[in-house]
Amino acid sequence: MAPAPKYSRLTSEHRRAALEEAALTCMARGGILAFTIDNVCKEAGVSRGLITHHFQSKDGLLVAVYANMYAKSIAAIDAPRPGLSRIAAMIEASFAPEMFSRDVLNIWLTLWGEIANNPVLQAEHRRQYAAYVVNVTAAIDEIATARALTLDTDALARAFIALVDGLGLQRCIEPRLMTPEAAKAACHTLLEPHLGPLGAVG
């Protein structure tokens with residue numbers, strides 16, 4: 001029997017994912033200044049040519065990383081929590097340790113800081129943000145419909161998203177004051193005057 005190969009060849013999909021994770025690690029460590037082709041390749045243990053092969057350019061990698069962060073966030077906040085309405089579950093998930101950590105928030109700050117000056121990233125942001133608004137609006141609609149409330153749920157969803165983003169920024173600036181508990185309380189303070197208690201639907 002022939003000996004097993006010493007190394008296994010990663011699939012294209014796995015190599016691409018590894019490069020995205022390496023880019024996220026660089027951003028968490030040093031912001032946009034650490035997001036260089038050389039740093040990402042060193043972190044992933046690959047040659048520079050793989051960035052071009054998988055993403056065409058540094059901007060292509062940046063867009064992929066942004067989509068990656070949104071996908072992870074949506075998956076986390078969409079996870080059901082027994083006994084909670086969907087919007088209440090979103091609040092709990094948004095400020096869970098894996099979402100409200102310094103590393104994750106540093107990555108978001110790095111990406112947000114690039115949006116204003118990068119048209120390619122702007123386009124991706126518009127696409128991802130629109131889907132996020134739809135998702136949060138549906139969660140608010142669920143409880144509003146169950147309680148026969150007439151609301152501009154789209155506007156309320158956008159206000160909620162803006163608050164969550166602002167709380168994340170404050171967490172980076174003053175983590176001792178902006179605790180997960182304080183952040184969750186702020187979201188309930190925003191939503192409950194419009195929706196009533198958020199614990200359960202009905």
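Predicted model: local features only at pLDDT ≥ 70, side-chain atom pairs only at ≥ 80, totals over all residues.
Me: Helices are DSSP runs of H or I with at least four residues, strands are runs of E with at least two, and both are numbered from the N terminus. What does the secondary structure of this protein come to?

Reply: Nine helices and zero strands. Read along the sequence, that gives the pattern α-α-α-α-α-α-α-α-α. Residues are numbered from 1 along each chain as its sequence is written, and side-chain values use heavy atoms, with hydrogens and water left out.

Me: OK. What span does the C-alpha trace have?

Reply: About 65 × 45 × 35 Å along its principal axes.

Me: Why is threonine 150 called exposed?

Reply: Exposed means over 50% relative accessible area, buried means under 20%, and partly exposed is in between (1.4 Å probe, protein chains only). Threonine 150 has a relative accessible area of 80%, so it counts as exposed. You'll find threonine 150 in the loop between α7 and α8. Its C-alpha atom is 35 Å from that of leucine 177, which is 27 residues away along the chain.

Me: And why does threonine 110 count as buried?

Reply: Its relative accessibility is 10%, and the cut-off for buried is under 20%, so threonine 110 qualifies. Threonine 110 belongs to helix α6. Leaving aside neighbours within four places in sequence, threonine 110 is in contact (heavy atoms within 4.5 Å) with Met27, Gly31 and Ile32.

Me: Glutamate 20 has a charged side chain by the class list. How do you know whether glutamate 20 is buried or exposed?

Reply: Same test: glutamate 20 has a relative accessible area of 11%, so it is buried. Glutamate 20 is found in helix α1. Apart from neighbours within four places in sequence, it touches Phe55, Leu61, Ala64, Val65 and Asn68.

Me: How much of the protein counts as buried?

Reply: Of the 202 residues, 40% do.

Me: Let's look at α8. What makes its span close to the expected one?

Reply: The expected span is 1.5 Å times one less than the number of residues. Helix α8 (residues 153–173) has 21 residues, and it reaches 30 Å from its first C-alpha to its last, close to the 30 Å expected. For α4 (58–77), which has 20 residues, the reach is 29 Å, close to the 28 Å expected.

Me: Which residues of α8 are buried, and how do you know where they sit around the axis?

Reply: The buried ones are Thr153, Leu156, Ala157, Phe160, Ile161, Val164, Leu167, Gly168, Arg171 and Cys172. They cover an arc of only 165° around the axis (taken from the directions from the helix axis to the C-beta atoms), so they lie on the same side of α8. An α-helix has 3.6 residues a turn, so residues three or four places apart point the same way. What covers the buried residues of α8 includes α5 (86–94), α6 (102–115), α7 (119–146) and α9 (180–195).

Me: What do the buried residues of α4 pack against?

Reply: They pack against α1 (12–30), α2 (37–44), α3 (49–55), α5, α6 and α7. Tyr66, Met69 and Ser73 are among them.

Me: What makes a space a cavity here, and how many of 30 Å³ or more are there?

Reply: On a 1 Å grid over the protein atoms alone, a cavity is a set of points where a 1.4 Å probe fits but cannot get out. The structure holds one of 30 Å³ or more. The largest cavity has about 270 Å³ of space, with volume meaning the space filled by probe spheres set on the points (joined across faces, edges and corners).

Me: Which residues and helices line the largest cavity?

Reply: There are 17 lining residues (each with an atom within 4 Å of a point), and Ser73, Trp108, Tyr132, Val164 and Asp165 lie nearest the centre. α4, α6 and α8 each supply at least two residues of the lining.

Me: What about the largest pocket?

Reply: A pocket is an open set with protein on both sides within 12 Å along at least five of seven lines. The largest one has a volume of about 160 Å³. The elements giving two or more residues to its lining are α4 and α6, and α6 gives the most, with four.
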